[in-house]
Each structure stands twice: as structure tokens, then as C-alpha cells.
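Subject: Handing over the structure

Dear colleague,

Please find below the sequence and the structure that I promised to hand over to you.

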Amino acid sequence: MHAYRTSMSVVALTIALAAAGSARAELSSSIRIVLQKSRHYDPTDLFLRRGDTITLINGDDSMIHHAFIEADRFAFDAGDQEPGKQATLTLKEPGNFIIQCGIHPKMKLTLHVQ
Ligand SMILES: [Cu+2]
């Protein structure tokens with residue numbers, strides 16, 4: 001009985017912390033999901049604030065993707081991403097950046113970072 005009560009209060013505390021975390025995330029930074037599927041990025045444009053993080057997910061069944069950015073101020077290279085794999089990128093610089101795919105030249109995602 002005592003153990004049950006303890007685990008319930010742990011659950012309540014976890015929910016309270018999660019709620020506080022998400023409220024803080026809205027004020028400072030957020031995480032955005034980008035899908036790589038059928039030789040496209042979805043979405044193709046993202047409006048972000050400095051400090052935001054994007055998570056690139058390969059949503060294809062058999063295609064490998066290879067996201068990268070070549071910009072003046074920084075470079076990003078996710079490497080080869082197998083189906084189902086994720087890569088993350090935190091945007092620390094303002095500006096417009098294009099994420100390309102090293103395997104599918106037509107894949108483009110424009111990041112607009114404030
Ligand atoms: Cu690709």
C-alpha cells in the first residue's frame with residue numbers, strides 16, 4: 001500500500017516537471033521535426049528562432065539520406081542516415097540556411113533563423 005502511494009506521487013511529480021519543462025521550452029527554444037521521405041523534406045521551409053533544434057527523421061523504408069549544410073559561418077553534416085534514423089541540429093546563428101541531401105540533389109529545406 002505504501003509503495004503504491006509512493007509511485008503515484010512520483011508520477012505526479014514527473015507530470016509536473018514535464019509541464020514546467022514544456023512551458024519553459026515555449027519561451028526559449030523549441031524542437032521541430034522534419035521528415036525525409038520520397039526524396040523530399042517535409043516541410044520545405046522552417047521559421048525558427050536562434051537556439052531552436054530540429055530533428056531530421058528518415059521516414060523512408062529503404063532510402064538513405066544524407067543531410068548537410070554548407071554555410072559561411074558554420075557547417076553541418078548528418079552523415080548517411082539509414083531508414084528510421086534521426087539526426088539533430090541546433091541553430092545557433094541567425095540567417096537563412098539550406099539543408100541539402102548528399103544523395104538526392106533536389107532535396108532542399110530552407111531554414112529561416114531569427
Ligand atoms: Cu535524400
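Lys37 stands opposite His40 in S2, where strands and helices are DSSP runs numbered from the N terminus, strands (E) having at least two residues and helices (H or I) at least four. Please keep in mind that this is a predicted model, in which local features need a pLDDT of at least 70 and side-chain atom pairs count only at pLDDT 80 or more, while totals for chains, interfaces and linings use all residues. Residues are numbered from 1 along each chain as its sequence is written.

Strand S1 (residues 31-37) and strand S2 (residues 40-42) run antiparallel and are joined by 3 bridges, and two strands are said to pair if DSSP finds at least two bridges between them. Leu35 has Asp42 as its bridge partner in S2. The hairpin of S1 and S2 has 2 residues between the strands, and in this hairpin Ser38 takes a positive phi near 50°. S1 also runs parallel to S4, to which 6 bridges join it, and here the bridge partner of Val34 is Leu56.

Together, 4 strands form an open sheet with mixed pairing, in the order S2-S1-S4-S7. S2 and strand S7 (86-90) stand at the edges, each with a single partner strand, so one side of each is left without a neighbour in the sheet. 

S8 and S9 pair in the antiparallel sense over 6 bridges, and they form a hairpin with 6 residues between them. Within this pair, Phe97 stands opposite Leu111 in S9. Strand S5 (residues 67-70) also pairs with S8 in the antiparallel sense, over 2 bridges, and Ala67 stands opposite Cys101 in S8.

**The core**

Which residues touch the most other members of the largest nonpolar core? Of its 14 residues, these are Val34, Tyr41, Leu56, Ala67, Ile99, Leu109 and Leu111. Strand S4 (53-58), strand S8 (95-101) and strand S9 (108-113) each supply at least two residues of this core, and S8 gives the most, with 3 residues. A nonpolar core is a set of buried Ala, Val, Leu, Ile, Met, Phe, Trp, Tyr and Cys residues joined through C-beta atoms within 7 Å; a residue is buried if 20 or more other C-beta atoms lie within 10 Å of its own, exposed if 12 or fewer, and partly exposed in between, with C-beta atoms placed from the backbone.

Not counting residues up to four places away in sequence, Leu56 touches Val34, Gln36, Ala67, Ala78, Gln86 and Ala87, where contact requires that the C-beta atoms, placed from the backbone, lie within 7 Å.

**Leu46**

Leu46 is found in strand S3 (residues 45-48). Is Leu46 partly exposed or buried, and why? Leu46 counts as partly exposed because it has 19 C-beta neighbours inside 10 Å. Leaving aside neighbours within four places in sequence, Leu46 is in contact with Arg32, Ile54, Leu109, Leu111 and His112. The C-alpha atoms of Leu46 and His112 are separated by 6.0 Å, although the two residues are 66 apart along the chain.

**Confidence**

The protein chain averages a pLDDT of 85, and 75% of the residues score at least 70; pLDDT is the predictor's confidence in each residue, from 0 to 100. Among the elements, helix H1 (residues 2-27) has the lowest mean pLDDT (49), whereas S2 has the highest (98).

With best wishes

Technical notes. Contact = placed C-beta atoms within 7 Å.
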